[in-house]
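Q: Got a model open here. Can we walk through a few spots in it?
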Amino acid sequence: MHPAPPPLIRIENLTLGYDRHPAVHHLSGDIPAGALVAVIGPNGAGKSTLLKGIAGELRPIGGRILMPGLLPGALAYLPQRGEIDHSFPVSVFDVVAMGLWREIGAFGGLSRQQRQRVREALAAVGMSGFEARPIGSLSGGQLQRARFARLMLQDAPLILLDEPFAAIDSRTVDDLVQLILGWHREGRTVLTVVHDFEQVRRHFPTCLLLSREPVAFGPTAQVLTPEMLARARRLSEAFDEDAPECHIEQPAQALPPDAGPHAHGHAHHHEHGSHRH
Amino acid sequence: MIRSRCAANAHPFIVTEFLLAPFTDFAFMRRALAGCLALALGATPVGVFLLLRRMSLMGDAMSHAILPGAALGYLAFGLSLGAMTIGGIVAGIVVVLAAGLVTRASVLKEDASLAAFYLLSLAAGVMIVSLRGRNLDLLHVLFGSVLALDDGSLLLIASIASVTLFCLAVLFRPLVMECFDPAFLRGISRWSPVAHYGFLMLVVLNLVSGFHALGTLMAVGIMILPSAAARLWARGLPALLLLAVLFAFGSGVAGLLLSFHADVPAGPAIVLVCGLVYFVSLLAAPGGLLVARLPVRHHLES
């Protein structure tokens, strides 16, 4: 699917989930460096879970995610619901400057040039003049713009965005999409959870369609087809509390000791669409 | 602050007699004043962060949690500063870690597990003290002895204040980020647990410090009340910290004078003045209650 350069992210038969129930089931695939991937699928399809897994916030219950070329911390992750405390007395400038952590750490001061970069990041998201405003006084869209500005300053080669356009007006969405396309042009790898298929068709060259089971991964035109979408809808069913353990025959078994019966080896082919587990 | 406010409309003689003489004439009042200054500088900034992290009640719970440790020190060595201090610190750390463990390993949230620990600790502490002690000692432990600070206690309180200021300076940025957006801090660095547990250690240290001066029941008063009052006035964090320290020290001075002239216990007097500042702020401050009742000011153009 993606020849040429070695992948930035290699996903090997990955299963992620909660309480042993898989939310991402037997996903394999390579994401090349510089890719702009839209992660799509119905609610509960495991899109956020996949991003959490790549960000390292969720331990796989099977398979693995390899990112050989990526230094730890070289990843910027924008969760869907941050844990931001809106009543905390910090200014917009301070919040955006937090994106410079990798450069200044816990003790370093901000140089004049870094202050300038904070202001430029705010300007890039259309929030010049908001520097001194308390973070709690921002609207939802403005807060999202500020989070994007902070993300820009993190200067990460891999960027994970979890539904960055949820509850955001169309003008802000357009601005944020332009930023994402800019990052793509700069050669960064971007994975974004998106719901608007029109947007995906227009802007995202690559698409990963999930429905707990991986449905399709590849060029957007081949993924966003009525057949694929229909299949994704069929697959999205509720957790079955009494689901039996998943025993899919695996060729090579390299199980971590505590993974139990639900761990899977790799190199599994993903065509068991109607498989119940 | 308090002093200058009063001076504006008072006779100079009264000013000296009521406000200065207690401190110039009596060494124990000067020591108490120094103790209050140290507490205001150390414990109150910690209280500001407790307040911002919505952990005010947790601070209260932890202040009770140090009691059985201090009581065991007391049981073994009598009213010994070192033994009660170390006992209190150890007990505080044990309860913090135990509550953290229970929170992570069970379905109980942190507040529930702390409430359980602190109730048990308070009961155990009072029981242990009364096993051997006289009622006077129990009063000392519960309400402190800011008017009887000896060299050792004063040095301890001042040292803890210094350590606290140093640690807060070192931890400031990670701590602010841990309060404001813990998920973000976890994502980009390993400082999150350092900030969290380092901060809890500071809380324990300052509760022990406050415990010597104000007693276990009121140590939290000088941490939380000035912070809450300052939060109603200040919009930025630096202003909030500064104002809280000023409120705490001002309340300390006023409480000591109240205690001296009205012959009431100093610890409760200080905390009551803190409470007075809080209620006045609650009414008058921009973040308080009366603002909503005032006529609406004409809005700005943009």
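Q: Which residue takes a positive phi in the hairpin of E8(A) and E9(A)?
A: Arg212(A), with phi near 70°. One residue lies between the two strands of that hairpin. This is a predicted model; local features need pLDDT of at least 70, side-chain atom pairs count only at pLDDT 80 or more, and totals for chains, interfaces and linings use all residues. Residues are numbered from 1 along each chain as its sequence is written, with chains lettered from A and ligands numbered from 1 in the order in which they are written.

Q: In what sense do E8(A) and E9(A) pair?
A: Antiparallel, over six bridges. Pairing takes at least two DSSP bridges. E8 spans residues 206-211 of chain A. Strands are DSSP E runs of at least two residues, helices H or I runs of at least four, numbered from the N terminus.

Q: What stands opposite Cys207(A)?
A: Gly218(A), in E9(A).

Q: Is E9(A) mostly covered or open?
A: Mostly covered: five of its seven residues are buried (20 or more other C-beta atoms within 10 Å of their own, C-beta atoms placed from the backbone).

Q: Switching to chain B. What average pLDDT does it have?
A: It averages 85, and 92% of the residues score at least 70. pLDDT is the predictor's confidence in each residue, from 0 to 100.

Q: Which element of chain B has the lowest mean?
A: Helix H1(B), residues 2-7, at 50. Helix H13(B), residues 237-262, has the highest, 95.

Notes:
A residue is buried if 20 or more other C-beta atoms lie within 10 Å of its own, exposed if 12 or fewer, and partly exposed in between; C-beta atoms are placed from the backbone.
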